[in-house]
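Hello,

Here is the structure for you to look at. My notes follow below.

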Amino acid sequence: MLEFDLDKCEEYGGCGGACLNRCPVIHLKPNYARVEMNSALDKMRKGAKSPDPSNIFIKCAACFSCNQDYCPAELKPMNLILKLFAQRYEKQGLPGQGRFFLPRSEPNFWTLLQGQKEDAIYQYLSLDERKFLKDLRKPRKTSEILLIGCGAELTPYIFNINLLNEYTKGGREFCCGARYYQMGLFDHFTQIAKNTTDLLHSLGVKKIVCACIGCYSIFTKFYPEFIKKFDFEVVYLLDELQEKIKKGKIQQTRSLEGMTVTIHDPCFLKLHPEKFDLIREIINWTGATIVEMEHNKNDSICCGLGGIGSSFDISTVQNQVMRRKMAEARKTGANAMVLGGCSSCAPTLGFLTNLSKKDFEARMDIFHVIEMIQKATGVVPANIHYERGKILRQLFFEQLSTFTGKGKNRKLEKTPKIKLKL
Ligand code: SF4
Ligand code: SF4
C-alpha cells in the first residue's frame, strides 16, 4: 500500500531534495531539503536511534502534493512520511490534541459539539441541524446513499438543504478513515474500512455518492487494495450535480457575475486531477470570475487539518499552514474563497481563523462549492462557517485539559464496531 524505495531515494543523485523543495508547506532550499530527506531515510531505518526529521514531523500536512510528480526518480515521498508517522505512533502514541480531529475516536470534536449520547442536547446547533443529525442516526435500507463526510457533521447547515433533499444520507458511522490514514494510524484505518464496508452491505447499498473528496478518494483508490468485497459503484457528488446542471435539472436563476473568487483545492483532490476542472466549470456556470492563488491544484496549500496530524499542535498549524493559505487567497484580490468539495475544510478554516483576533479580523468570505450552486439558484446559503468555528474554538479550549489532562501521549483504543438498528 505504501511503497517507497529507500535505496533508490538514497542513491538518486542530483535531485536536491526536489520533493521538499517543491512542497508548498515545508518548502526548503534544495540542499536543506536533501538533508531533511536523508534524515527521514535514516529515521525509517534506525527508528529511535536517529534524530527526528524535524521539518517533516512539525510541518507536513500529508497533502499528497509530493506523491504526484515532484520526485524526478518517480518516488512517492509522502508514503515514506506516512510510514514515519506510523513508526512514531507505535513508539510514542498520540498526543491529546490529535484526538479532537479523529471522527471515530470519542470523545472528540463531534461529541463535544453534538453530545455523546443518542438523545444528546445538541445545544450549539440550530433546530434544523439537530433534526438533520438525528435523522442521520436512523439509517434505513437503501440501494443508494449520500455520505456527507465526517467533517460535514460539524457543519450540517451546508448539507441540510433542498438541493440534496432527494438523497438518503449517511454520516459519521460511515467514516472512510481518511484522517487515520493521513496520520499513519493504519490498524485503525483498516478496522474502520472493514466496519464501514459491512455497514454499507447491511443496508443493501449498491451506489455510494460521496459529498467529500476524501471519502471518494479513499473508497476508490485505497479500499479496493485490501477490502475483498468492496463492490459498490462510487461517484462524487459534484459530478452528479454538474450532470444535473447540464441536463437542466438544476437551473441558474441568478448570475454571480459580480463575484470574483479564488479556489481552494482540497488535498485529496490531488489524487483526481481531472476534478480540478470540474470545480472550475461549476464556478464558471455560476457566472463568478476565478482568480487563482499562487499555489493551486496539485500545489495547493492544505486548509490546515492535515498539518494537525504531524505536529499535533494547532498553533503550529495556524502559523505554518492556515495563515499562508489565507494570505495567498487574500493576495488574489478575490471577494471570497470557494472550498472545493471536501467536507472538512470549512470547519477547519472556521476553527483555525477563530484562534486569534488578528486572523479573525483578516478573514475573507468562504463558500463551499455547494453553497455557490445554491447562490446561483437563488437560495441564500447559511454560510455560518466562522460562527461555527467560534463554537469549535470555545469547545476546544474548554475541554483541552480533558484531552491532555494526563499529560501523556496515548495509544488509541480499538475503534468500536458500529451496528445499526434497522
Ligand atoms: S523522494 Fe525523490 S526528490 Fe525526494 S529526496 Fe528522494 S529522490 Fe529526491
Ligand atoms: S505531503 Fe504535502 S506537506 Fe507533506 S512533504 Fe509532501 S508536499 Fe509537503
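**Helices and domains**

Helix α20 has a kink of about 45°, centred on Glu398. The bend at a residue is the angle between axes fitted to the seven residues ending there and the seven starting there. Helices are DSSP runs of H or I with at least four residues, strands are E runs of at least two, and both are numbered from the N terminus.

This is a predicted model: local features need pLDDT of at least 70, side-chain atom pairs need 80 or more, and totals for chains, interfaces and linings use all residues. Residues are numbered from 1 along each chain as its sequence is written, with chains lettered from A and ligands numbered from 1 in the order written.

Back to α20 (residues 385-404). His385, Arg388, Gly389, Ile391 and Leu392 are buried (20 or more other C-beta atoms within 10 Å of the residue's own; exposed means 12 or fewer, partly exposed in between; C-beta atoms are placed from the backbone). These buried residues pack against α7 (109-114), α17 (345-353) and β8 (365-368). Contact means C-beta atoms, placed from the backbone, within 7 Å.

Now α13 (residues 237-246). Leu237, Leu238 and Leu241 are buried. They cover an arc of only 95° around the axis, so they sit on the same side of α13; the arc is that of the directions from the helix axis to the C-beta atoms. Glu243 and Lys246, on the other side, are exposed. Gly248 follows α13, with a positive phi near 80°.

The domain assignment, automatic or from a database, gives domain 1 (6-93), domain 2 (97-243) and domain 3 (250-404).

Best wishes

Notes
Two residues are in contact if their C-beta atoms, placed from the backbone, lie within 7 Å.
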